[in-house]
Amino acid sequence: MALHLKLIPTILCGGAGSRLWPVSRELHPKPFIRLADGQSLLQKAWLRGAVLPDVAEVLTVTNRELFFKTEDEYREIAGATFKNLPNSFILEPFGRNTAPAIAAAALHVAAKHGDDALMLVLAADHLIADQNAFAAAVAQATLIAQQGKLVTFGIQPDAAETGYGYIETEGTAVRRFVEKPNLEKAQEYLATGRYLWNSGMFCFAAGTILREMEQHCPAILAAARNCMDRAIKANGEGFSQVELTPDTFNLVPDDSIDYAVMEKSHNVAVVPCSIGWSDIGSWNAIGDLTKPDSKGNRIEGEVQLHDVDNCYIQSNERIVGAVGISNLIIVDTPDALLVADRSRAQDVKHIYASLKLQNHQAHKLHNTVHRPWGTYTVLEEASNFKIKRIEVKPGASLSLQMHHHRSEHWIVVSGMAKVINGSNELLISTNESTYIPAGHKHRLENPGVLDLVMIEVQSGEYLGEDDIVRFEDNYGRI
């Protein structure tokens, strides 16, 4: 590669991951699912880009509500190796598909690094098993992209797969993109040797994609430019953040980059590759990552089996017993249980859709909620009480606040808490507690170097999260 080359891995982190419910939720989507090695799909995507040559920064486009989770994920894996690699974020107020996300990202990259800087667009929820083959494919793609081409990565198919779109190719030239086929058509594609799976990964210069969008989807580009011009921006050492406002982003047309640009452009090239790629689109795909036992069962967690075959069972919180069953998916989480026929894995999305239609909490988030200062988990609740486990990061603080309708008991389980309770400021050690009456101003802070863990017992006539009067806005919020 040329020494002056700037490569910007651009991670698109969104989507509901509805086929991976109950682990995937609206505010804990598929990219945050942890695999057996302990890393999430998002962390793997970040590392995949970060280790490549000539990377100037990693840019992530994600939902505003996922920013702190995303930042925590990156911080966990960056370590000393990547501590000086800048991270930038474009934060969307809601989803608008991939074309607006890429338009905003390209405008950011062009303004910061120049039109010639190359964007490597990666999905946050894909898995690539062969990093060396991926790096070789990226090296080939960057050479083509520097010639002014839009480059897509085509996966060499090893089966007549009906769940992916296809690309008809002629060498590195793209003849056409085709939708997900039926089985007969997929078999026909496979037999010709001319078709590749559409991976949804791309490489192009920022200036190239902006010119193509100006030609093929000018309304999206103009609306994205308006968003970026009016966005709320923050910068720090090795960090930048662009928050798009709801009123401007609501005006951006919803479309995918495939429909908006790739299928219309005559300037698209493809890099065929075999990189161990999967879009992890169902529980069967997750199960395939685990080695089967002698009866074809794939197990994660503590499970006891009797006369069971060809099942995938995941339970990381409690023991599961299974007797006399075959061909099932069982996924157990603290607040929801999935049982499905393995042949119907794609239909799990209907459960998610039904929960969303009912506005059921189980479609949106888990009992554990992430905030800038840490997490809280609802352990139990009724009409007049709620019990939470609260974990506060070292040095972090919640806002100074007050509740009209509830009082709170705080019991420190581990660590040290610095508490403002009315006019008093006190330090509370492990196995100590304080009582905060309704109407008292209060604040919780972790002054130590270890996580603060405490139990909060709320009691009162109304326990809604909106019963909070805040007196400052420069701290994290519950």
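The crossing of α1 and α2 is right-handed, a term that applies when the near helix is turned clockwise from the far one by less than a right angle, anticlockwise being left-handed. Helix α1 (residues 41–50) packs against α2 at an angle of about 60 degrees, and their axes are 10 Å apart. The two helices are therefore oblique to each other; angles under 35 degrees count as roughly parallel, over 145 as roughly antiparallel, 65 to 115 as roughly perpendicular, and the rest as oblique. Axes here are lines fitted to C-alpha atoms, for helices over the stretch in contact, with angles running from 0 to 180 degrees between N-to-C directions. Helices (H or I, at least four residues) and strands (E, at least two) are DSSP runs numbered from the N terminus.

A word on the basis of these values: this is a predicted model, in which local features need pLDDT of at least 70 and side-chain atom pairs count only at pLDDT 80 or more, while totals for chains, interfaces and linings use all residues. Residues are numbered from 1 along each chain as its sequence is written, and side-chain values use heavy atoms, with hydrogens and water left out.

In the loop between β3 (87–92) and α3 lies N97, a residue other than glycine with a positive phi, near 75 degrees. Another backbone feature is the cis peptide bond from W21 to P22, with omega near 15 degrees; P22 belongs to the loop between β1 (7–13) and α1.

Turning to the sheets, six strands form an open, antiparallel sheet in the order β18-β19-β20-β27-β22-β25. Strands β18 (368–371) and β25 (433–436) stand at its edges with a single partner strand each, so one side of each is left without a neighbour in the sheet. Neighbouring strands of this sheet are turned by 20 degrees against each other on average, direction ignored. Two strands count as paired if DSSP finds at least two bridges between them. Strands β19 (residues 374–381) and β20 (residues 385–392) pair in the antiparallel sense over seven bridges, and T375 has E391 in β20 as its bridge partner.

Strands β15 and β16 run parallel and are joined by four bridges, with Y312 opposite I329 in β16.

Both sheets also meet the second largest pocket, as α2 (67–78), β15 (312–323), β16 (328–333), β18 and β19 each supply at least two residues of its lining. About 1,300 Å³ of space lies in this pocket, and of the 38 residues that line it, the closest to its centre are H28, K69, T368, V369 and H370. On a 1 Å grid over the protein atoms alone, a pocket is an open set of points with protein on both sides within 12 Å along at least five of seven lines, and lining residues have an atom within 4 Å of a point. The largest share of the lining, five residues, comes from α2.

Notes. On a 1 Å grid over the protein atoms alone, a cavity is a set of points where a 1.4 Å probe fits but cannot get out, and a pocket is an open set with protein on both sides within 12 Å along at least five of seven lines; lining residues have an atom within 4 Å of a point. Grid points are joined across faces, edges and corners, and a volume is the space filled by probe spheres set on the points.
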